[in-house]
Structure formats: structure tokens, C-alpha cells
Amino acid sequence: MKARIKVTLKTGVLDPQGKAIKNALGALGFEGVEDVRQGKFIEVELDQSDPEAAKTEVDRMCRDLLANMVIEDYDFEIEAA
Amino acid sequence: MKTSVIVFPGSNCDRDVAVSLEQSLGTAPDMVWHGMTDMPSSDLIVLPGGFSYGDYLRCGAMAAHSPIMRDVVKMARDGVPVLGICNGFQILTETGLLPGVLIRNNSLHFICRDVSLRVERNDTLFANRYEMREVIKVPIAHHDGNYFADDDTLARVEGEGRVAFRYCGAEGQIDDQSNPNGSLNNIAGVYNDTGRILGLMPHPERLSDPALGGIDGKGMFESLLQTVH
């Protein structure tokens with residue numbers, strides 16, 4: 001099965017890259033862009049058939065490496081192969 | 001005195017810091033490859049600057065989980081002094097040995113220039129050769145040196161006097177103009193709760209010999225000579 005993981009900055013954490021993207025969108029003529037936050041999208045292929053075990057494992061992956069809990073939140077979904 | 005410099009794939013200040021250590025402490029450090037699992041006995045461990053693992057995922061995130069780091073973290077928790085410079089600082093925050101995190105510079109630019117730092121503590125093994133509030137010149141060279149911590153962590157770091165250096169103006173003033181990267185409270189370096197682990201973004205090894213144009217960074221290595229046994 002496959003895990004699709006989203007890592008996003010916590011509310012209140014400065015996102016200079018998001019700000020630059022917002023400015024660039026404005027420069028391209030896109031009006032009404034109020035805010036941009038940039039994050040990461042990670043896909044992990046798992047050799048695992050039990051969705052509950054996969055969830056537990058991916059949760060640990062996020063906490064141990066994929067997200068820095070000081071500044072980031074994560075969310076994921078498990079997709080059966 | 002036995003020192004060790006950890007070399008990660010992508011470290012690029014390991015040899016510079018080895019030269020500084022040898023000049024000030026009299027003996028060359030052991031250069032320890034990150035893939036090893038056993039640390040040699042060490043009175044000081046240095047995590048050098050560079051771009052370990054190409055800064056993949058987050059700066060320092062992959063290196064924090066290199067095989068050697070299990071031993072490094074254990075020794076650090078047992079009280080062995082650890083100095084993390086630039087990428088080494090990022091790695092120390094990723095291991096949780098130091099509070100906070102280094103995010104992208106607020107200007108989004110890679111910044112490579114000399115900055116003024118104010119010494120916030122001189123009662124530590126890393127800074128006893130400096131005067132309190134002394135202003136020193138040390139270069140920075142980073143893209144992700146913007147120190148961030150949540151409100152509670154920041155209050156704790158400040159309240160416990162764990163700020164090592166702050167970016168400042170020529171007269172030691174702490175203001176926005178002298179903050180190169182957006183770091184909270186102009187923080188350039190922090191200690192752990194015992195003061196035996198120091199992480200800083202500036203590179204003392206790059207101004208520790210007259211041939212390099214200055215020796216303000218040398219005090220950090222000479223301080224270690226005084227205090228590490």
C-alpha cells in the first residue's frame with residue numbers, strides 16, 4: 001500500500017518561501033491571493049497489508065524524520081494497492 | 001585532549017575546523033566518518049559546517065540520523081561537550097539536543113559575509129576567553145540560519161540564559177538592522193541546559209588565523225583549552 005503524506009508549517013511559523021510565492025503570483029497578475037503557505041508532499045510505498053499497522057508505522061516515520069514537530073504538522077492517508 | 005570531528009557526506013568545513021582545533025589545542029582531531037557506529041573516546045565532539053546530505057528534506061535532518069549520531073547523542077547526554085557550527089547547529093536541533101530550529105533566511109538569500117556578534121555569556125567552556133558583551137567579528141555563510149522556536153521554548157531559552165551570541169551592530173546594539181536572517185531575538189547561537197553543548201550559525205574557524213583576516217573566532221577554540229579535560 002501507499003502512504004500519501006502532507007507536511008505543513010504550523011500556524012504562526014514564518015514561511016518566507018510562501019511569501020515569495022505570493023508576491024510572484026501578484027506580479028503575474030493573480031489578484032486576491034491573500035496568503036500562500038508552502039509544504040511538502042511525500043509518497044511512501046509500503047510492503048504492508050494491514051492498514052492499521054501501516055498507519056502506526058507511517059505515524060512514527062513522520063515523527064522520527066519526515067516532519068520536524070517544532071515547526072511542522074503532518075497528515076497522511078493510506079491507500080490500498 | 002582528544003577531539004573528534006564528525007564528517008558527513010556534504011560536510012565542507014571539517015578540515016577548516018580541524019586546523020583551528022589543532023592550532024589552538026595542540027593535537028589534531030580524529031576525523032570520524034558518519035557511517036561508523038562507534039565513537040572514539042573524545043573530550044570534545046565537533047559537528048562541522050557544510051551541506052550534509054545536500055540539505056535534503058530539511059537541513060540537518062538526515063545527518064541527525066546517521067549511524068554515528070546514536071553514539072554522539074549518548075555521549076552528549078553523558079556530558080561530553082559538543083560544538084555544532086552552522087550545519088552542525090542545524091543537526092543538533094534536529095537531534096533535539098538543542099531547542100528550536102533553523103529555518104530559511106527571511107530574505108530568502110544565501111548570505112556569506114562577516115557579521116558582528118555580541119557575547120552573551122563568558123562563563124562557559126566555549127566562551128571564557130571573551131569579555132561579557134564583547135563584540136566580535138565572525139563570518140556567516142548560510143541559507144537557513146533563521147532561528148525559530150515557539151513562544152514557550154524561546155521564553156525558556158532566554159529565561160535560563162542559554163543564548164550564546166546575538167547578531168549585533170558595531171557598538172553591540174541588538175536591532176533589526178543587524179539581524180542578517182530574521183532570527184528571533186537576533187539569536188546566533190544557543191547552549192543546552194548544562195552549557196556543554198553549543199550550536200551557532202557563524203563560523204569561528206573562518207576567522208581564527210591572521211592569514212584569514214582576523215582572529216576573533218580563535219577565542220572559542222582557546223576557551224576549550226582552558227576548560228576541557
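This is a predicted model: local features need pLDDT of at least 70, side-chain atom pairs count only at pLDDT 80 or more; totals for chains, interfaces and linings use all residues.
Figure 1. The buried residues of α3(B) are Asn87(B), Gly88(B), Phe89(B), Gln90(B), Ile91(B), Leu92(B), Thr93(B), Glu94(B) and Thr95(B). Their cover includes β3, α2 (67-77), β4, β5 (101-103) and β11 of chain B. Just after the helix comes Gly96(B), which takes a positive phi of about 85°.

**Figure 2. The nine-stranded sheet of chain B.** Nine strands of chain B form an open sheet, and their order is β2-β1-β3-β4-β11-β10-β9-β6-β7. The pairing in this sheet is mixed. In general, strands of a sheet pair through backbone hydrogen bonds, either parallel or antiparallel. The edge strands of the sheet in chain B are β2 and β7 (135-142), each of which pairs on one side only. From one strand to the next, the twist averages 25°. Strand β6 (residues 111-119) of chain B runs antiparallel to β9(B), and four bridges join the two. Within this pair, Arg118(B) stands opposite Arg166(B) in β9(B). Helix α3 (residues 87-95) of chain B packs on the sheet and touches β3, β4 (82-85) and β11 (197-200) of chain B. The direction of this helix makes about 120° with that of β4(B).

**Figure 3. Strand β1 of chain B and its two partners.** Strand β1 (residues 3-7) of chain B is mostly covered, with five of its five residues buried. In a regular strand the side chains alternate between the two faces of the sheet. Thr3(B), Val5(B) and Val7(B) point one way from β1(B), while Ser4(B) and Ile6(B) point the other way. Residues pointing either way are buried. On one pairing, β1(B) meets strand β3 (residues 44-47) of chain B in the parallel sense over three bridges. Here Ser4(B) stands opposite Ile45(B) in β3(B). β1(B) also runs parallel to strand β2 (residues 30-33) of chain B, to which four bridges join it. Val7(B) has Trp33(B) in β2(B) as its bridge partner. Between these two strands the chain crosses from β1(B) to β2(B) through helix α1 (residues 14-25) of chain B, and this β-α-β crossover is right-handed.

**Figure 4. The nonpolar cores.** In soluble globular proteins, nonpolar side chains tend to be buried together. The largest nonpolar core in this model has 67 residues. Those with the most contacts inside this core are Ile6(B), Leu92(B), Leu117(B), Ala164(B), Ile197(B) and Leu200(B). Strand β9 (residues 163-168) of chain B gives the largest share of the core, five residues. A second, separate core has 10 residues, including Ile5(A), Cys62(A), Tyr74(A) and Phe76(A).

**Figure 5. The surroundings of Leu117 in chain B.** Which residues does Leu117(B) touch, not counting residues up to four places away in sequence? They are Ile136(B), Val138(B), Phe165(B), Arg166(B), Tyr167(B), Cys168(B), Ala188(B) and Pro202(B).

**Figure 6. The three-stranded sheet of chain A.** Three strands of chain A form an open sheet in the order β2-β1-β3, with antiparallel pairing. The edge strands are β2 (40-45) and β3 (72-79) of chain A, and each pairs on one side only. Neighbouring strands are turned by 20° against each other on average, direction ignored. Strand β1 (residues 2-9) of chain A pairs with β3(A) in the antiparallel sense over eight bridges. In this pair, the bridge partner of Arg4(A) in β3(A) is Glu77(A). Six bridges join β1(A) to β2(A), and these two strands run antiparallel. Lys6(A) stands opposite Phe41(A) in β2(A). β2(A) is hardly covered, as the count of buried residues among its six residues is zero. Helix α2 (residues 51-66) of chain A lies across β1, β2 and β3 of chain A and runs at about 155° to β3(A).

**Figure 7. The contact between chains A and B.** How many residues does each chain bring to the contact? Chain A brings nine residues and chain B brings 12 residues. On the side of chain A that touches chain B, the largest share, three residues, comes from helix α1 (residues 16-27) of chain A. By class, this side of chain A has seven nonpolar, two polar and no charged residues.

How values were computed
Residues are numbered from 1 along each chain as its sequence is written. Chains are lettered from A and ligands numbered from 1 in the order in which they are written. A nonpolar core is a set of buried Ala, Val, Leu, Ile, Met, Phe, Trp, Tyr and Cys residues joined through C-beta atoms within 7 Å. A residue is buried if 20 or more other C-beta atoms lie within 10 Å of its own, exposed if 12 or fewer, and partly exposed in between; C-beta atoms are placed from the backbone. Two residues are in contact if their C-beta atoms, placed from the backbone, lie within 7 Å. Two strands pair if DSSP finds at least two bridges between them. A crossover is right-handed if, with the strands pointing away from the viewer, the path from the first strand over the helix to the second runs clockwise. Axes are lines fitted to C-alpha atoms, for helices over the stretch in contact, and angles run from 0 to 180 degrees between N-to-C directions. Ala, Val, Leu, Ile, Met, Phe, Trp, Tyr, Cys and Pro count as nonpolar, Asp, Glu, Lys and Arg as charged, and the others, Gly among them, as polar.
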